[in-house]
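Dear colleague,

Please find below the structure that I am handing over to you.

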Amino acid sequence: MRREPTPAELDDPLVAVVDIGGVHDAARSNFDHHHFPREHPPTCALSLVLDHLGLYQDALQFCDWLETAEWFDSRGPNKTGEWLGVPRRAISRLNSPIDTTLLRRFSHKTRLEPTDPLYAFMKMVGDDLLEYLRVARERLDFIAARVQRWTIPCGGDLIEALFLPRTDGEADEPSAMLGSYIRAEKLDSVIAAIVYPDRRGGGFGIGRYEDHPRLDFSKVEAQPDVHFAHKSGFMCKTSATTPERLRELITLAWR
């Protein structure tokens with residue numbers, strides 16, 4: 001329901017009061033942030049609910065939009081633009097007409113029943129978020145248990161790479177999962193290359209992480225065991241499977 005809660009509802013843990021009520025008390029299912037002092041870290045009601053569910057840290061890690069939502073909800077568009085380092089107008093330029101319609105229709109409601117399309121939509125959003133966080137955590141744990149970190153000499157340089165070997169229960173989207181692992185472990189400024197199982201063959205894909213400027217895999221397209229090298233140089237596919245050969249291909253792409 002969209003109205004101010006009664007004292008009895010605030011005291012009843014079976015009634016979830018979210019984003020209204022002026023109280024944050026998870027034990028009583030109250031999740032409002034509007035009464036927090038100005039110096040309180042940017043927070044929104046969703047942050048409080050996720051924290052209560054034990055999912056806040058995972059959400060911060062896997063959902064790039066959450067911190068921005070916290071700033072926007074607690075600081076407004078001007079401060080959020082400053083924090084992001086973009087003009088205030090850039091915030092409105094990113095507005096979605098879908099969001100606008102849903103928020104406008106929601107603001108006109110005083111009560112939502114399960115038969116209401118908005119109710120169904122909001123439930124889908126919650127279900128999808130919880131499922132996304134569950135799968136993201138499982139994938140990260142999968143990577144962490146198997147990944148190998150390579151330090152590869154190349155002339156006077158040392159190349160840092162992550163290698164995900166082939167295992168039972170192959171990972172979905174292994175390159176994206178390696179990217180999530182790198183961000184989670186704060187290795188963004190360290191890792192230059194990632195090596196991961198090719199989902200379309202028995203070999204491996206090799207890519208430069210975050211477009212590392214010193215790697216150009218178009219340089220290895222003539223190698224006999226490389227069956228595809230992107231012309232832009234950001235990745236290649238190889239039938240090679242031994243760590244020694246995979247490391248060699250990385251050194252050949254170094255410039």
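This is a predicted model: local features need pLDDT of at least 70, side-chain atom pairs count only at pLDDT 80 or more; totals for chains, interfaces and linings use all residues.

Residues are numbered from 1 along each chain as its sequence is written, and side-chain values use heavy atoms, with hydrogens and water left out.

Strands and hairpins

Helices (H or I, at least four residues) and strands (E, at least two) are DSSP runs, numbered from the N terminus. Two strands are said to pair if DSSP finds at least two bridges between them.

An open sheet of 3 strands runs in the order S1-S3-S2, with mixed pairing. Strand S1 (17–18) and strand S2 (24–25) are at the edges with a single partner strand each, so one side of each has no neighbour in the sheet. The pairing of S1 with strand S3 (residues 30–31) is parallel, over 2 bridges. Val18 has Phe31 of S3 as its bridge partner.

Strands S4 and S5 are antiparallel and pair over 7 bridges; Trp150 has Ala161 in S5 as its bridge partner. These two strands form a hairpin with 2 residues between them, and Gly155 in the turn has a positive phi of about 65°.

Strand S8 (residues 226–229) and strand S9 (residues 235–238) are also paired in the antiparallel sense, over 3 bridges. Here Val226 has Thr238 of S9 as its bridge partner. The hairpin of S8 and S9 has 5 residues between the strands, and Gly233 shows a positive phi near 85°.

Helix H9

A residue is called buried under 20% relative accessible area, exposed over 50%, and partly exposed in between (1.4 Å probe, protein chains only). In helix H9 (residues 243–253), the residues Arg245, Leu246, Leu249, Ile250 and Ala253 are buried. Seen down the axis of H9, these buried residues fall within an arc of 145°, so they line one face of the helix; the arc is that of the directions from the helix axis to the C-beta atoms. They pack against strand S4 (148–154), strand S5 (157–163), strand S6 (193–197), strand S7 (204–208), S8 and S9, where contact means heavy atoms within 4.5 Å.

Residues with a positive phi

Most residues other than glycine have a negative phi. Lys186, in the loop between helix H8 (174–184) and S6, has a positive phi near 55°. Lys186 is exposed, with a relative accessible area of 69%. Glu210, in the loop between S7 and S8, has a positive phi of about 50° although it is not a glycine. Glu210 is likewise exposed, at 59% relative accessibility.

Phe121 is located in helix H7 (residues 117–146) and is partly exposed, at 33% relative accessibility.

Arg183 belongs to helix H8 and is partly exposed, at 40% relative accessibility. Leaving aside residues up to four places away in sequence, Arg183 touches Asp188 and Tyr209. Arg183 and Pro224 are 41 residues apart in sequence and 33 Å apart in space, C-alpha to C-alpha.

Yours sincerely
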